[in-house]
Amino acid sequence: MGIQFEGEFTVPVSREQAYAMLSDPAKFAPLLPTYKSVEVKDARTADVTVAVGVGKIKGSAVITLTLQGEEPPQRAAYSGKGKVMGSAFDMATAFDLLPAEGGGTLVKWTGDLTMFGKLVALAGGLIRPLAKKDIERLVGAIQAALTPGGAARG
Amino acid sequence: MGWTGTSVRRKEDDRLVRGRGLFTDDELEPGMLHLHILRSPYAHARIVRIDTAAAEALPGVACVLTGREVAAQCEPFMQIGPPPCDKIRDLPMAVDKVVFQGEPVAVVAAATVALAEDAAQLIDVEYEMLEAVVEAEDALSDRSILHEAAGTNRTWQGVFEYGDVEGAFRDAASVVRIPRMKFHRFASTPLEPNACIAEWTRQGSVEFLCNNSFPGFAQQLLAPGLRLKADQLHIRTYDVGGSFGNKIWNYVYMALAALASKKAGGRRVKWTETRTEHLLGSGHGNERTYLDTEVALDRDGVITAVRSRHIDDCGAYTRYEPLGCVIWSQVLPATYKLRNMRIDFTQTVTNKCPVVPNRGYSRMQQLWFMERIVDICAHELGIPADEMRLKNYITQFPYETPNGCVYDSGNYPAMLAKGKELIGWDRWQREIAAGRKAGRLIGIGIGTTLDSGTNNFGQARIVNPFLPFSGNSEVCTMRLDIEGAVVVCLGTTPSGQGHETSASQVVADVLGIDPSMVYVRPGFDTAWNTFVGHSGTYASQFAVTGLSAVHGAAQKLKAEMRRLAAFMLEAAEEDLEFGTGAQGPEVRVKGTDKAINYWYMANLVNNNNAMLDESLGDVTLNVRHVYRPPFKVPDTERKFGNLTLTYAAQLHIAVVEVSRETCRPQVLAYAAVDDCGTLINPQIAHGQVHGATSHGIGAALMECLDYDETGNLLTATFSDYCPITALNIPDIAWGNIETPSPFSYNGAKGMGEGGGAPLHTMSAAIQDALHGAGVIVTGSHHSAPRLFEILQQPNRDEAVSVERRGGKQGRR
């Protein structure tokens, strides 16, 4: 089951500042929705534990997040792999950073989530709206983190 | 023939309705281990690494098995197909690579079911994902190959051509072209999922209690697979909650339970499948695509020729396949008299659950195809559906089809007349016309179909000439036991069909006693010596093979009893008669009160034999009879021969309305007419018709095994798969006619699969309802979402074309 998302938003910081935050797994990981903990492996890789659940099916998943294909300061990109409750998922996300008219940075983002296994079988119809909700929360968290005075998480 | 044709109450029900049946999962004992199977979440992936340490360390876990251990102790299962199928390494567990979602990658045997499941969660498997192919036509491109050693996904291809196809098209008055049709994937989902208990004994044999429905075949695969002799496998079944063919290949899981028992030091290991596992990894029905279909007709609307390309999707392993590549040809022309046909048939593997023989196996796909052709031609040529059928039905029997099958008996026009009467055809014609004027999407459809019973396994040689299979057989052993009771053992594996009752009726008729005096042992047991390679319950054959074996054994027992009674009563054998007297069942001298009862005879042979004459030395009152239908090996070059013995027929008519608001199809009326020759037990036959009809309606309107593009099964729970329930089954008006088969001793024809009649009928009724909206029904699944899609984009322009040739008459 593949789900693709894309969108854009503007933040009132420079591309360099945005890139610095988005390309650091230790800073990026806590922005993930239902974030529980992060174990940074190296400058490019981190194991992030997040809570997952659909209805009464609840558990946690470990996502191995790898910074991949980045182009400072205009592109930060991650690939991720995880397992949860007899299921597996692959994800890829990229942030293209462009100067925004009137200052700040325009962040164009794409997300690609592919799920396999029991979770899709048991709750396939629910995953798409839940994923959409989580993506919206992630985007909101990134915006907040890149806005001076915005609420920080983690 | 006093009991045949009587609705004797089912003997099995006494225990089943009281909750005293014994299904495999009912068997429990202290120390028994429970097996959980860890299954692949991926449809196609390499297994990079498996770490089982954490699972093995969990207290209560007896053992964990991975593919590598299984491969070290097993031989790949025999493949039926010719090359490249022989290159497919079919083991009960994935070793280096998974090829469908749900394929086993490890098993855990533990003290409880929950513990085994928890431990399986601790097994760490690293996969490298590969491209999945889920559509048959994509698979044939070989862009991503499932079984690399085979070098291709194509598992079989052959052309079935009969008559003068080119000539018939050249002379046709009209040609109807249908570029694409599709028969969807579903299964019959028996009430009791697969289950088995295995014990690898200290003597090196394996004891199985299971619900496999074709143990004669399972034993031939399992024994070499487990590196044992066939006699080292003791296979038993008892009560089985439905099979519909789906349980034929649970031998794969029986192997896993056996190997787990072996590793656990011989402890009994039980595995009971969950519903999701069943949907994911147990076996689906064949999915088939029909391409480039062309139909030649004469100027009267008689079909003179059909040519088409069929692609069958058998899922990830061939296993029982590619038998489906020939079994459909048992019903090549369906119920129609056309003589010219060319079908180019190809089968491919895909990254989906392997297929199994599913109720109506492979034939219903062909019957649906033919019924769609008939209906589409009727609609496009403006011929009423009933008239179209009457123009084309076979009417003379026995009838040899173009490929050499012999339809034993039938009367399809009479069935149509009866069906029309049952449903109220004329009244519905008026109501439909009025409804359409009011804007309702309402239609009536006919499905005529065949339930071919008693396979000639020689047809397997058409797909692989080197297979050592042909004919068919079934066994019955029968004895007068030490107390004088008639004890019958069957080689079949009843799963709700009432074999104990029907067999009792046959024995009672032979011996002139009451069926209640006959004890038919429940289940199947290799230890009874009541089995051959063909033994089991499948292919609508019990009424012929099973009951012929019972009848033969009863005749043998009767002959021995007659000799014994003649000696003891000092009478000529021809002066004796069988019946029931004051002391129970007996043999007596006609017109006298001289009689000997069954107890006395049994005691003579078993306890008191010094009283017997030497000439009776061969009388044991313990007989075995093997019934063999009169088959020949088919001509494999021409793909010609009699592939099955009897042809029960079904004719269904339905009135269906599709809601304009919700697109939900609603059955407004349903009639089912059945002809299975002489009825043995009308109540049981009626129940079978009701079950098959319900299954078919469910498959047509609700049930679909849907995969996404990466090979995820999206309908792996009953919430999504939506099996039919009592709440969705419409009232069914049932009727039957009897055209006795000349090929069975009792005139009966095997039945129970129903030929998928409701699928054909629903497609026809929905076609009739939606034709005015520009829709041609080219699929077999008619759920509300699919009907919504098709109503959004009426397809008539691209789904069918008609070429009319003025002046041509057509040649039949």
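Strand β1 (residues 2-11) of chain A and β7(A) run antiparallel and are joined by 10 bridges. Strands here are DSSP runs of E of at least two residues, helices are runs of H or I of at least four residues, and both are numbered from the N terminus. Two strands count as paired if DSSP finds at least two bridges between them. Within this pairing, A:Glu6 stands opposite A:Thr110 in β7(A). The model is a predicted one, in which local features need pLDDT of at least 70, side-chain atom pairs count only at pLDDT 80 or more, and totals for chains, interfaces and linings use all residues. Residues are numbered from 1 along each chain as its sequence is written, while chains are lettered from A and ligands numbered from 1 in the order in which they are written.

β7(A) also pairs with β6(A). These two strands run antiparallel and share 13 bridges. A:Leu97 has A:Val107 in β7(A) as its bridge partner. β6(A) and β7(A) form a hairpin, with 5 residues between them. In the turn, A:Gly102 has a positive phi of about 85 degrees.

Chain A holds 3 helices and 7 strands. Their order along the sequence is β-α-α-β-β-β-β-β-β-α. The radius of gyration of chain A, taken over C-alpha atoms, is 15 Å. The globule rule (2.2 Å times the number of residues to the power 0.38) also gives 15 Å for 154 residues, so chain A is as compact as a globular protein of that length. The C-alpha trace spans about 45 × 30 × 30 Å along its principal axes. Of the 154 residues in chain A, 31% are buried. A residue is buried if 20 or more other C-beta atoms lie within 10 Å of its own, exposed if 12 or fewer, and partly exposed in between, with C-beta atoms placed from the backbone.

Chain A averages 86, and 95% of its residues score at least 70. Helix α1 (residues 15-22) of chain A has the highest mean in the chain, at 94. The lowest, at 82, falls in helix α3 (residues 118-145) of chain A.

The contact between the chains takes 13 residues from chain A and 13 residues from chain B. Residues are in contact if their C-beta atoms, placed from the backbone, lie within 7 Å. On the side of chain A that touches chain B, β6 (87-99), β7 (105-117) and α3 of chain A each give two or more residues. α3(A) gives the most, with 5 residues.

In chain B, 8 strands form an open sheet of mixed pairing, in the order β3-β5-β1-β12-β9-β10-β11-β22. β3 (61-66) and β22 (524-525) of chain B each have a single partner strand, so one side of each is left without a neighbour in the sheet. Strand β11 (residues 233-237) of chain B pairs with β22(B) in the antiparallel sense over 2 bridges. B:Thr237 has B:Phe524 as its bridge partner in β22(B).

Helix α7 (residues 215-225) of chain B lies across β11 and β22 of chain B. The helix runs at about 150 degrees to β11(B). Axes are lines fitted to C-alpha atoms, for helices over the stretch in contact, and angles run from 0 to 180 degrees between N-to-C directions. In α7(B), 8 of the 11 residues are buried, so the helix is largely enclosed by the rest of the structure. Among them are B:Phe217, B:Leu221 and B:Leu222. The buried residues pack against β11, α8 (251-263) and β22 of chain B. Just after α7(B), B:Arg227 takes a positive phi of about 60 degrees.

Conventions: pLDDT is the predictor's confidence in each residue, from 0 to 100. Two residues are in contact if their C-beta atoms, placed from the backbone, lie within 7 Å.
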